[in-house]
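Dear colleague,

Here is the structure I said I would hand over. Please open it alongside this message, as the notes below refer to it throughout.

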Amino acid sequence: MIAAAVIIIAFGAALIIAGIVRSRRRIDNDGSFISAVGQITGFRKRLDISLIHFIPIITIKYSPVLRYITADGREMISSSLPFVPKFSKIFKEYYHLYETNTPMEIKYSPEAPRLHYYKSRKGFFVREAVYKAVAGAVIIAMGAFMIWLDIGA
């Protein structure tokens with residue numbers, strides 16, 4: 001049983017290390033994205049089921065369609081930003097930018113110009129690493145508990 005516990009602890013440690021390494025790589029990769037000024041030209045919409053306080057609700061979610069010029073002069077029209085509900089704070093911001101015809105600064109990948117994002121994703125990557133670290137810590141605790149049970153018996 002101790003061998004199984006050691007394997008579980010090693011898996012938990014590997015999960016923590018992989019989460020941190022992947023998060024660092026993704027943050028570093030974001031540094032290679034290029035800034036551009038985009039304009040919201042409209043919205044795509046789709047039906048979606050959302051859980052609000054554990055109650056399933058059918059909602060319509062929207063994704064802005066952006067037009068922007070890449071560094072090499074190509075005009076891109078893309079809607080790779082995530083779909084968001086109409087009552088969300090980010091949709092209100094998108095809609096205000098659309099109504100006032102205000103340009104927005106985006107970052108796009110030079111390798112795949114249709115891949116872009118708005119604002120910073122660093123918080124998402126850090127949060128992802130924290131979730132993996134918590135999961136890894138729980139797995140390590142389970143392995144340590146198994147060792148404690150085996151030694152105590």
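What follows is a short account of what was found, from the overall form down to single residues.

Please keep in mind that this is a predicted model.

Overall form

The protein contains 3 helices and 6 strands. Read from the N terminus, the order of elements is α-β-β-β-β-α-β-β-α. The radius of gyration is 22 Å, whereas a compact globule of 153 residues would have one near 15 Å. Along the principal axes, the C-alpha atoms fill a box of roughly 70 × 40 × 20 Å.

Of the 153 residues, 31% are buried. The accessible surface amounts to about 10,000 Å², and carbon and sulfur atoms contribute 66% of that surface. Among contacts with a separation of 6 or more, 64% are between residues 24 or more positions apart.

Charges and salt bridges

There are 20 positive and 11 negative side chains in the protein, and 4 Å separates the centres of the two sets. Side chains of opposite charge can pair when their charged atoms come close. How many salt bridges does a search of the whole structure find? The count is 4, and three of these pairs are described here, namely Asp 48 with Lys 61, Arg 67 with Glu 75 and Asp 72 with Arg 74.

In the salt bridge between Asp 48 and Lys 61, the N to O distance is 3.0 Å. Asp 48 belongs to strand E1 (residues 34-52) and Lys 61 to strand E2 (residues 55-69), so this pair ties together parts that lie 13 residues apart in sequence. Is Lys 61 buried or exposed? Lys 61 counts as buried because its relative accessibility is 15%, and the cut-off for buried is under 20%.

Arg 67 and Glu 75 form another of the salt bridges, with their closest N and O atoms 3.4 Å apart. Arg 67 has a relative accessible area of 36%, so it is partly exposed. Glu 75 is also partly exposed, at 49% relative accessibility.

Asp 72 pairs with Arg 74, and here the closest N and O atoms are 3.3 Å apart. Asp 72 is exposed because its relative accessible area is 55%, the cut-off for exposed being over 50%. Arg 74, at 41% relative accessibility, is partly exposed.

The loop between E1 and E2

Two residues deserve a look in the loop between E1 and E2: His 53 and Phe 54. What is phi of His 53? The angle is near 55°, which is a positive value in a residue other than glycine. For Phe 54, phi is near 65°, again a positive value in a residue other than glycine. His 53 is exposed, with 72% relative accessibility. Phe 54 is exposed as well, at 79% relative accessibility.

A serine in helix H1

Ser 23 sits in helix H1 (residues 2-30). With a relative accessible area of 5%, Ser 23 is buried. Which residues does Ser 23 touch, leaving aside those up to four places away in sequence? They are Phe 125, Val 126 and Ala 129.

Kind regards

Terms used:
Residues are numbered from 1 along each chain as its sequence is written. This is a predicted model: local features need pLDDT of at least 70, side-chain atom pairs count only at pLDDT 80 or more; totals for chains, interfaces and linings use all residues. Side-chain values use heavy atoms; hydrogens and water are left out. A salt bridge is a side-chain nitrogen of Lys or Arg within 4 Å of a carboxyl oxygen of Asp or Glu. Helices (H or I, at least four residues) and strands (E, at least two) are DSSP runs, numbered from the N terminus. Buried means under 20% relative accessible area, exposed over 50%, partly exposed in between (1.4 Å probe, protein chains only). The radius of gyration is taken over C-alpha atoms; the globule rule is 2.2 Å times the number of residues to the power 0.38. Contact means heavy atoms within 4.5 Å. Accessible areas come from the Shrake-Rupley method with a 1.4 Å probe; for residues, only the protein chains shown count as cover. Lys and Arg count as positive and Asp and Glu as negative; His and the chain ends are not counted. The place of a charge is taken as NZ of Lys, CZ of Arg, CG of Asp or CD of Glu.
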